[in-house]
Amino acid sequence: MGFRGFTRLPAIARPTRRISRLVTETRLLRSTHGIINRPFFYTFTQIQNDFLMPQFNIKDRFFTYVKYHTTSDPTAPADKYPSTDRQKKLGQHLVDELQQLGVKDAEIDEHGVVYATIPSNSTKNVPTLCFCSHMDTSPDSSGKDVKPIVHKNYNGGNITLPDDPSQQLTPNLHPALKEKKGEDIITASGTTLLGADDKSGIAVIMALAEYLQAHPEVPHGNIRILFTCDEEIGRGVNRVDMEKLSADIGYTLDGSDLGVIEDETFSADSVTVHLKGVVEHPGYAYGKLVSALKAASAFVNAWPKDQLSPETTKGKEGFVHPVSMEGTVEKATIQYIIRDFYTEGLDDKFAMFQRIAQQIHEEFPGLGIEIDREEQYRNMKYVIQDYPEAVEHALEAMKRAGIEARKERVRGGTDGSRLSYMGLPCPNLFTGQHAIHGKQEWISLQDMEKSVQTLLELIQIFEEKT
Ligand SMILES: [Zn+2]
């Protein structure tokens, strides 16, 4: 990072205020110590960072949002969106806050989806960016009565959560903590999740909105804000109106490690194997009975043990994974999920299903086998590769924000993978959330601030490069 970043920054009043604070604190030193034994109270880097880093009002917002109980419910009927009405309360609150900030068109629709616009102030035809987060939290842990706690100036040791002291965050269990010494770590109190997934994303977007309302001199194109429900149960974008959203490039703010942008997800299908046996009275079944149950078991066992499973693959490898099996002698069903970063890789895996089906059919003469394959989602990379600026500008934005940036791939799916195929190329940006869905979930306040700074740089880069 150099001073180029400083000159690029909007003409914020901040530096002047900072200088006066510097002067005040230097005077304070002089008065308490008589003489200044440290002529530069602030080091050069500190001054530089203070100039570069505007202050964002993010902690209080985050605390407010995590206190809303917004757990989604996978057992709700598939057509009920949101799955829990309580999610709409947070949505309404966010609309009210946006209105107060002066974001006039903020609205929540009948499904609980929140839309808002920060209008362009550029004379150029800048692409419309969309920043997106989800309001629900995972049903894996309670999200009711969340009590957020700041562990200020983290000392690098263990963090014990007060409402259940058996919940200890240790740097061994959470290696990312090792890099957060001196930062302010936020956790829940031990009996609930925190909800940094994904209320950190909401807080980041709201802090950006507040900053831009107060700093109209920052040049940018149209910015669309989108808050969805039910992401944790895989229904996040089911009711998003893409025409209404009308954005060119999107970013979900739902990533973990500082500096990471994810532009690649799995391609995913589900495969169902139906087996039909032949039932006879077991006492008189000689040469006639065909057990669907035994065939199902043989089918599952026919796959190699040392490869192709979630437990034997990592990095860029895909897998085949039986997730449920049920049956009787008469019929059995096996549910699989298959994953690969390449859609052709899914085809190869499906071809293996067909070969194994043939083999099992030979082993169990008279058995009926049918295999269904259903598309779940596709690697967003196939879409995003046609919009290289979506990733390049984000990497540049992190660089300008003084962050070491890197690209990663998600061994799973995101709202962004579906949004990408709905017409909005949509990589995922870090917010700093860690250990999500559990009671030890945590986030660094400084990582959240850097996430806002990244967005602030990003919107200016798009304006600059149009
Ligand atoms: Zn999330």
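Start by selecting strand E3 (residues 129–134) together with E8, which run parallel and are joined by six bridges; strands here are DSSP runs of type E with at least two residues, numbered from the N terminus, and two strands count as paired if DSSP finds at least two bridges between them. Within this pairing, His-134 has Thr-228 of E8 as its bridge partner. The model is a predicted one, in which local features need pLDDT of at least 70, side-chain atom pairs count only at pLDDT 80 or more, and totals for chains, interfaces and linings use all residues. Residues are numbered from 1 along each chain as its sequence is written.

Next, select E8 itself (residues 223–228), where six of six residues are buried, a term that requires 20 or more other C-beta atoms, placed from the backbone, within 10 Å of the residue's own. In a regular strand the side chains alternate between the two faces of the sheet.

Ala-116 is partnered with Ile-225, and Ile-118 with Ile-223. Val-114, Ala-116 and Ile-118 point one way from E2, Tyr-115 and Thr-117 the other way, and all are buried.

Finally, select E1 (residues 107–108), which pairs with E2 in the antiparallel sense over two bridges, with Glu-107 opposite Tyr-115. Five residues separate E1 and E2 in this hairpin, and Gly-112 in the turn has a positive phi of about 95°.

How values were computed
Buried ≥ 20, exposed ≤ 12 C-beta atoms within 10 Å, placed from the backbone. Helix = DSSP H or I, 4+ residues; strand = E, 2+ residues; numbered from the N terminus.
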